[in-house]
Amino acid sequence: RAQFEWQGSPVVVSKRLTSMGICYSVRSRADEHVASSKPVYAVPGQDLTTAERFSYLAVSWGCCATALQDCSVGNSRPTELHWDVAEARLESSNNDIAVRVESRSSSGSNSEALAQVLPPLPGHARERLDQREQPELCVLCLTELAGEHLGVCVRADGRRACPHYFHISCLRRVEGCYCPQCRTRFMRRQALPSIAEKPAAWGRLVALSGTEFLDVKDVSTALKAMLPLSPDTVDTLVSTWWPHWSRRRLLRTRELTKVFATIQHLLPNLPSEAFSLEARVCAMPNRHIKVPGTLCGCGKVHVLRGDRVQRGPAWSGRNDDGGEGQLGTAVRVDESIGIVLVRWDRAPEEAFVHRYAWPSDPSFHEVSHAPFEDCPRDVRALQAATALSSAAAECVLLKSNYSLDAALAFCSDPNKSTSENTLRAPVTLFQRVRVLPDVTHLQNWFDLTPCCRCVGCSAQVQWTAHAERHVGREGYLVGTHSCNDTVQLEFTGRCHCQIWFPRLAVTPVYDPDTATQPRFSRNTRVLCKIGNGWWPGVVSSVWWREPGWRERPTAPYSVRLDDGRNVYAPRDSDAVVRASPESGT
């Protein structure tokens, strides 16, 4: 407490501990009015008993922003508290600081507090007001920990394996079972519960001891990850608030409601974890940006399998692509050595794939990204004249040796069939396919698809914005339904969505994993290597995959063993599956 003279009247500045922290108060002894700043914690400054100046950490009213301000009582400074004795009001020259005015009667009973908030902050001001605040970062993505849901590494008994915090979405992408920061072995990745909804579970996971008791270090480390404040600020806040939370050295989990009441105005608003993860998986499965050809935050332009490409700024392949303006698809990618393998749409069959450099500098890319919805100019011209799909128009151009005039003559010949089913290659189960880039055709096929009348059937299709976002993309055909002639696709590369499409909406594409025909045919007797032994069975299907395999290659065989089990062979090799002596081969 310190006493000063302000405009000829005695003014007393004091600080008191409240449920929200420390509150600085200014009292006028003349009329017993009291004005208080919003409860804040004082940054160590000059002693109030010996100097008029003091520093404090002001928390803006109604948001989690913080600002470090130097204020004075009785001195004219850019940011100062003005005590108006006549109006019994404490004002601030800085609009980022909110104040509260309280009135106290002569009898000592408190009247209802009058909340006076200065002009509200705009939306962008909800960020930290003091740029010197440097919150803790997630070591995996180098963004603020407080911006997303948190996760920790736990042992088999449920106790913490180490004291480190990460974004749970980042932690779930870590390969292996060692903490990425301290390399401690863990058994499970656990999302940190909400302190508001599950304080007991939060406390048990925060405590390194695994008990219901938390020490200052446990709480401070957790709040550094949860709050958008610098570590030093959090340490100071915890040491100040601790006497209010607990009178002991250790804090019980049942006392965490006091902790939440203290910090709730500082906690950032986070979406539900399920929504956050769904958006991250759909848009950025590998933490890379969704739009092909756009610079990533890591400074690179990433290419994924299934991306459409064209000639790049450093093109040196002559006519590998079939000519200027032609398109291809990335079928193999290895960014670690800067190589991408491309299959061009109009490359000769014997050419297979071509290898191109993909260095870190985009200006040296031999190929560059093309939009998923792009088509060659002659295909679009033929479509405009005939209303064919791009896949059917490409087939007609192939028959006409890529002569547009010959293709138009072919389509005008009444003796030639130009139906989609006649011109296009059929699609089969487990094949790699691409959704056609023809939005109008897709909308028509969706609209013409009848509703399936099967009880409990999931093969219901309708045109949606979600389906439109996958136009031109590649995936695997993992399901078919004959009632309404639809197919189920599991996309790869930039998302892993599973969507039902009309059968005509997709077309088969080149897949290097299935380019070689397997050695055995259906119903062939084989031996499968399982564990340390060989088990006899019969090939029930040539090519096999299951929903959820994502980037995993299609298996060459599905085998039904003699004991009734169904297994699949991951590759066509004698080390995995071989002919049975009973087959006679």
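This is a predicted model: local features need pLDDT of at least 70, side-chain atom pairs count only at pLDDT 80 or more; totals for chains, interfaces and linings use all residues.
**Confidence.** I began with pLDDT, which averages 74 over the protein, with 71% of the residues scoring at least 70. By element, I found the lowest mean, 26, in strand β10 (residues 114-116), and the highest, 96, in strand β21 (residues 432-435). I noted that residues 17-22 stay under 50, and that the model gives them 23 contacts beyond four places in sequence. Residues 274-289 are also below 50, with 40 contacts beyond near neighbours in sequence.

**Cysteines.** I searched the whole structure for disulfides and found zero. I then checked C170, whose closest cysteine sulfur, in C141, is 3.7 Å away and therefore too far for a bond. C170 is buried, at a relative accessible area of 4%. C495 is in no disulfide either; its nearest cysteine sulfur belongs to C497, at 3.9 Å. I logged C495 as buried too, with 2% relative accessibility.

**Aromatic rings.** I counted ten aromatic pairs in the structure. One of them joins W242 and W245 edge-to-face, with 6.2 Å between centres and 65° between planes. Both residues belong to helix α4 (residues 231-245), three residues apart, or about one turn of the helix. I have W242 as buried at 9% relative accessibility, and W245 as buried at 0%. Ring pairs also bring in W241, making a cluster of W241, W242 and W245.

**Charges over rings.** I looked at two arginines. R343 lies over the face of Y510, 4.8 Å from the ring centre. R552 has its charged end over the ring of W549, at 4.9 Å from the centre.

How values were computed
Residues are numbered from 1 along each chain as its sequence is written. Side-chain values use heavy atoms; hydrogens and water are left out. A disulfide is a pair of cysteine sulfur atoms within 2.5 Å. Buried means under 20% relative accessible area, exposed over 50%, partly exposed in between (1.4 Å probe, protein chains only). pLDDT is the predictor's confidence in each residue, from 0 to 100. Helices (H or I, at least four residues) and strands (E, at least two) are DSSP runs, numbered from the N terminus. Contact means heavy atoms within 4.5 Å. Rings of Phe, Tyr and Trp (its six-membered ring) pair if their centres lie within 6.5 Å; planes under 30 degrees apart count as stacked, over 60 as edge-to-face and the rest as tilted. A charge sits over a ring if NZ of Lys or CZ of Arg is within 6 Å of the ring centre and within 35 degrees of the ring normal.
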